[in-house]
Amino acid sequence: MINILLCCSAGMSTSILVKKMRQAAEEKGLEAEIWAIPESELEKNKDKADIVLLGPQIRYALENVRESVGADKPVEVIDIRDYGTMNGKKVLELALSKLA
């Protein structure tokens with residue numbers, strides 16, 4: 001089971017991306033828990049995640065989130081094009097590539 005946490009400013013638009021990522025994971029036959037939260041909920045959720053993906057609207061927080069999460073867990077910013085088009089397959093591939 002892979003645990004992928006998406007974090008954005010409010011957690012609203014990212015929930016659409018979560019649905020598309022879940023569909024992509026299902027198509028791959030991959031067991032994955034994927035969820036979205038607002039940045040303010042990071043502390044409560046970071047320990048459950050294998051990777052944290054940030055929405056492009058909070059890319060400014062990348063270094064702070066990396067410090068908070070720790071060096072043993074990848075933290076990446078979702079590509080703005082993939083986020084804008086809600087390309088769940090590409091964002092899932094990003095997560096998997098960083099966990100490999």
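**Notes on the predicted model**

1. Asp82 touches Asn87, Lys90 and Val91, leaving out residues up to four places away in sequence, where contact means heavy atoms within 4.5 Å. Asp82 lies in helix 4 (residues 80-84); helices (H or I, at least four residues) and strands (E, at least two) are DSSP runs numbered from the N terminus. Asp82 is buried and yet has no salt bridge, the nearest side chain of opposite charge being Lys90 at 4.7 Å. Here buried stands for under 20% relative accessible area, exposed for over 50% and partly exposed for what lies in between (1.4 Å probe, protein chains only), while a salt bridge is a side-chain nitrogen of Lys or Arg within 4 Å of a carboxyl oxygen of Asp or Glu. For charge, Lys and Arg count as positive and Asp and Glu as negative, with His and the chain ends not counted.

2. On the basis of these notes: this is a predicted model, in which local features need pLDDT of at least 70 and side-chain atom pairs count only at pLDDT 80 or more, whereas totals for chains, interfaces and linings use all residues. Residues are numbered from 1 along each chain as its sequence is written, and side-chain values use heavy atoms, with hydrogens and water left out.

3. An unreviewed UniProt entry lists Cys8 for "modified residue: Phosphocysteine"; UniProt positions are given in the numbering used here, feature names are shortened, and annotations may be inferred rather than shown by experiment. Cys8 is found in strand 1 (residues 2-8) and counts as buried because its relative accessible area is 1%.

4. Neighbours within four places in sequence aside, the contacts of Asn3 include Glu33, Trp35 and Ile51.

5. In helix 1, the buried residues are Thr14, Leu17, Val18, Met21, Ala24 and Ala25. Seen down the helix axis, the buried residues of helix 1 fall within an arc of 125°, so they line one face; the arc is that of the directions from the helix axis to the C-beta atoms. Lys19, Glu26 and Glu27 are exposed on the other side of helix 1, whereas its buried residues pack against elements including strand 2 (32-38), helix 4 and helix 5 (88-99). After helix 1 comes Gly29, with a positive phi near 70°.

6. Helix 3 (residues 62-69) has Leu62, Val65 and Val69 buried. Viewed down the axis of helix 3, these residues fall within an arc of 65°, so they line one face of the helix. The face turned away from that buried side carries the exposed residues Asn64 and Glu67, and the buried residues of helix 3 pack against helix 2 (42-45), strand 3 and strand 4 (75-77).

7. How many salt bridges does a search of the whole structure find? The search finds five. Among them, Arg66 pairs with Glu76, the closest N and O atoms being 3.7 Å apart, and this pair links distant parts of the chain, Arg66 in helix 3 and Glu76 in strand 4, ten residues apart. Lys46, which forms a salt bridge with Glu43 at 3.0 Å between the closest N and O atoms, counts as buried at 13% relative accessibility.
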